Amino acid sequence: MSTGIDRSALLERFERNRARSRELFSMIPDASYQQRPIPLRHPIVFYDGHLPAFSVNTLAKKGHGLEGVDAALEELFERGIDPGSPNEADAATITRWPSREAVAEYGCTADALVRRLLAEAPLQRRDRPAMIRGEAACNILEHEPMHHETLLYIFHALDPSRKQMPPRELATARPGPDRGMIAIPPGRARLGAARDEIPFGWDNEFEALEIDVGAFEIAARNVTNGDYLEFVGAGGYRDAKWWTEEGWRWVRESGVEHPHFWIRRDGAWRWRGMRGEIDLPAGWPVWVTHAEAAAYAKWKGLRLPTEAEYHRAAYGDPSGKERLHPWGDDEPDERHGNFDFRSWDPVAAGSFPEGASAWGVDDLVGNGWEWTSTPFAPLPGFRPMASYPQYSAEFFDGAHYVLKGASPATSRELVRRSFRNWFRPAYPWVWASFRCARG
């Protein structure tokens, strides 16, 4: 970050993050607090302790060289897991966690320390690598809302009777006509960012890379539940020719026959919503794994776009310049898409015409992350960040794919052009959509 750090703005953001954390955890009764709704993640209790512990480990310990609050808890809650199978997850997690009361007590003490450091201590220190350009302080303020999204994935997998989720739905206008496949002329796409270009970025966002992108076509809208239902009805999950070798192995071993968020009940398709089941909304974007998205695209004679093609479709402009966001340079707000925790569910594809790109491509930000065909890998000039060196480097393994855009549970602070998300190709719980491309 530049020298002009606004301490009051950082403190306000810290308090806002912690307030949202308290709000989210208040939706989980004691009986569900230590449950593990997603078998490839830690139980809910871990995240309640991880958020304050991460801030202490990052800002107090790595940033300022302090001892912290509780060394044992800060080690226990240091990092999450990303195993390839439930068996690996069982081996990585522990069976006995602290009580809710103990975690709350630790959180209060940790918050007080972090709050004091943000209010009074130096935010930039040249003698501490994690504090250069205010990295550690900015790190913890982006890390917490990222885990708010993780929490909502986990809460989504929890039975409605085991949580207390208040209504949170968007009222939107009826979408206009779908423009089908949109031709994007050849041009250049700029991935990532220069280190002095944005106040803060994660290490995988640097350095900026310009790529020549050939002409291609891309769907104006995400594939919907109604579209995907045709693939399911045509026996797509029973025919290996549509799937990669890895994807077909997942289908056979898991027994999956349809998207995770769908339920077949009494001969009808239903949507597994955050607060309970509803009739399958045909116009909503389908949320699927990368394996499912790639199989559908192949069935249609199409493919998934690359990360560079996503950038060209989202930020390119007929003038040859690039936009800050798909809609232009205005800051993200409620006109532009379904993000920033405004809803627990998607809305109909094409519901935000003011968020369309220069080419007329809808919903490139919000309503579900978008799978690309690009394996998650470093950009030229990558170097691990001092405040969190493990953040990206351990996932440059060819086993994760880049997602772009945002979901309903993505904080608006993360809605930036250079931000890159990634998941394993058979991870079914992420709120991830896709669209098809060709050419």
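**Aromatic packing and a covered helix**

Analyst: At 2% relative accessibility, Phe376 counts as buried (under 20% relative accessible area; over 50% is exposed and in between is partly exposed, with a 1.4 Å probe and protein chains only). This is a predicted model, where local features need pLDDT of at least 70, side-chain atom pairs count only at pLDDT 80 or more, and totals for chains, interfaces and linings use all residues. Residues are numbered from 1 along each chain as its sequence is written, and side-chain values use heavy atoms, with hydrogens and water left out.

User: How many aromatic pairs does the structure hold?

Analyst: There are 37, counting Phe, Tyr and Trp rings (the six-membered one for Trp) with centres within 6.5 Å; planes under 30 degrees apart are stacked, over 60 edge-to-face, the rest tilted.

User: What kind of pair are Phe200 and Trp202?

Analyst: Edge-to-face, because their centres are 5.2 Å apart and their planes at 80 degrees. Both residues are buried.

User: And Phe376 with Phe396, what kind is that?

Analyst: Tilted, since the centres are 4.9 Å apart and the planes at 45 degrees. Phe396 has 23% relative accessibility, so it counts as partly exposed.

User: Switching topic: how many residues of helix H10 are buried?

Analyst: Nine of its nine, residues 307-315. Helices are DSSP runs of H or I with at least four residues, strands are E runs of at least two, and both are numbered from the N terminus. Strands E1 (181-184) and E8 (369-375) are among what covers the buried residues of H10.

Definitions and conventions
Contact means heavy atoms within 4.5 Å.
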